[in-house]
Amino acid sequence: ELTQNDEKFVNTANMYFLHFDKILIFDHHHKKAYIYCENIKYKINFNLKPLPELKTFQVKSLNSNMDKHTYLEKVAKTKEHIAQGDIYQANITRKFYGELPDNINKFLMFTKLAQISPAPYSSFLQLADLHIISSSPERFINIDAAGQCNSRPIKGSAKKHTNKKED
């Protein structure tokens, strides 16, 4: 049974619909950058320069949507469902949120995170006064142009069979 806690932990809209006419993509692994403009891809060369130091800061009013005990209970219950074969994957999250000082450069914070913990699926969005920093090592789901779907989970999955084809 899926449940949802209606209490919002951050005062934002439930959903944003965005259309970008330009997207700047950095491939740090291959040291390449791309600009996508309305279905046209341009490759550009760039040199990575050292970033300025990110000053130490204190997060104000650090909170979570659940305590550690509740989180660990949910993880244990999820593991039971996986062992019983009810599910093969789950994403149990404990959200942390707080307020950053106004003088913190959020994009610099994102780039420092990418240096410390590189992830193939990461993004930085600035929507007016809202900044979203996302970083994940896994592809949850991908659907290609032919409708072929694949998932490459890392956490919360267990093999059901020793035979790869049956699994």
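## An aromatic cluster

Phe107, Phe110 and Phe124 form one aromatic cluster in this predicted model. Rings of Phe, Tyr and Trp (its six-membered ring) are taken to pair if their centres lie within 6.5 Å, with planes under 30 degrees apart counted as stacked, over 60 as edge-to-face and the rest as tilted. By this rule the count comes to 3 aromatic pairs. The rings of Phe107 and Phe110 have centres 6.0 Å apart and planes at 40°, so this pair is tilted. Phe107 and Phe110 are 3 residues apart in helix H2 (residues 106–116), and are therefore separated by about one helical turn.

Phe107 counts as partly exposed, at 40% relative accessibility, whereas Phe110 counts as buried, at 12%; buried here means under 20% relative accessible area, exposed over 50%, and partly exposed in between (1.4 Å probe, protein chains only). The rings of Phe110 and Phe124 have their centres 5.8 Å apart and their planes at 40°, so that pair is tilted. Because Phe110 lies in helix H2 and Phe124 in strand E6 (residues 121–127), the pair ties together parts that are 14 residues apart in sequence.

## Basis and confidence of the model

Residues are numbered from 1 along each chain as its sequence is written, and side-chain values use heavy atoms, with hydrogens and water left out. Since this is a predicted model, local features need pLDDT of at least 70 and side-chain atom pairs count only at pLDDT 80 or more, while totals for chains, interfaces and linings use all residues.

The protein chain averages a pLDDT (the predictor's confidence in each residue, from 0 to 100) of 78, and 80% of the residues score at least 70. Confidence in the protein chain is lowest in strand E3 (residues 40–44), with a mean of 65, and highest in H1, at 94.

## Overall architecture

The protein chain contains 2 helices and 9 strands, where helices (H or I, at least four residues) and strands (E, at least two) are DSSP runs numbered from the N terminus. Read along the sequence, these elements of the protein chain follow the pattern β-β-β-β-α-β-α-β-β-β-β.

Of the 167 residues in the protein chain, 12% are buried. The accessible surface of the protein chain comes to about 14,500 Å², with 53% of that area belonging to carbon and sulfur atoms; accessible areas come from the Shrake-Rupley method with a 1.4 Å probe, and for residues only the protein chains shown count as cover. Among contacts (heavy atoms within 4.5 Å) in the protein chain between residues at least 6 apart in sequence, 41% join residues at least 24 apart.

Tyr16, Leu18, Phe20, Ile23, Ile25 and Tyr36 form a nonpolar patch on the surface, with about 510 Å² of accessible area together. Patches are made of residues with over 30% relative accessible area and no salt bridge, with like charges joined within 9 Å and nonpolar side chains (Val, Leu, Ile, Met, Phe, Trp, Tyr) within 5 Å; a salt bridge is a side-chain nitrogen of Lys or Arg within 4 Å of a carboxyl oxygen of Asp or Glu.

Ile23, one of the patch residues, is placed in strand E1 (residues 22–27) and is partly exposed, with a relative accessible area of 37%. Leu24 is also found in strand E1, and counts as partly exposed at 48% relative accessibility. The C-alpha atoms of Leu24 and Ile35 are separated by 4.7 Å, although these residues are 11 residues apart along the chain.

Thr78 has its place in helix H1 (residues 68–84) and is buried, with a relative accessible area of 12%. Leaving aside neighbours within four places in sequence, Thr78 is in contact with Ile87, Ala90 and Ile92. Ser134, in strand E7 (residues 130–136), is partly exposed, with a relative accessible area of 31%. With neighbours within four places in sequence again left aside, Ser134 is in contact with Phe110, Tyr121, Ser122 and Ser123. Ser134 and Tyr121 are 13 residues apart in sequence and 7.9 Å apart in space, C-alpha to C-alpha.

Most residues other than glycine have a negative phi. Ser61, although it is not a glycine, has a positive phi of about 55°. Ser61 has its place in strand E4 (residues 60–64) and is exposed, with a relative accessible area of 52%.
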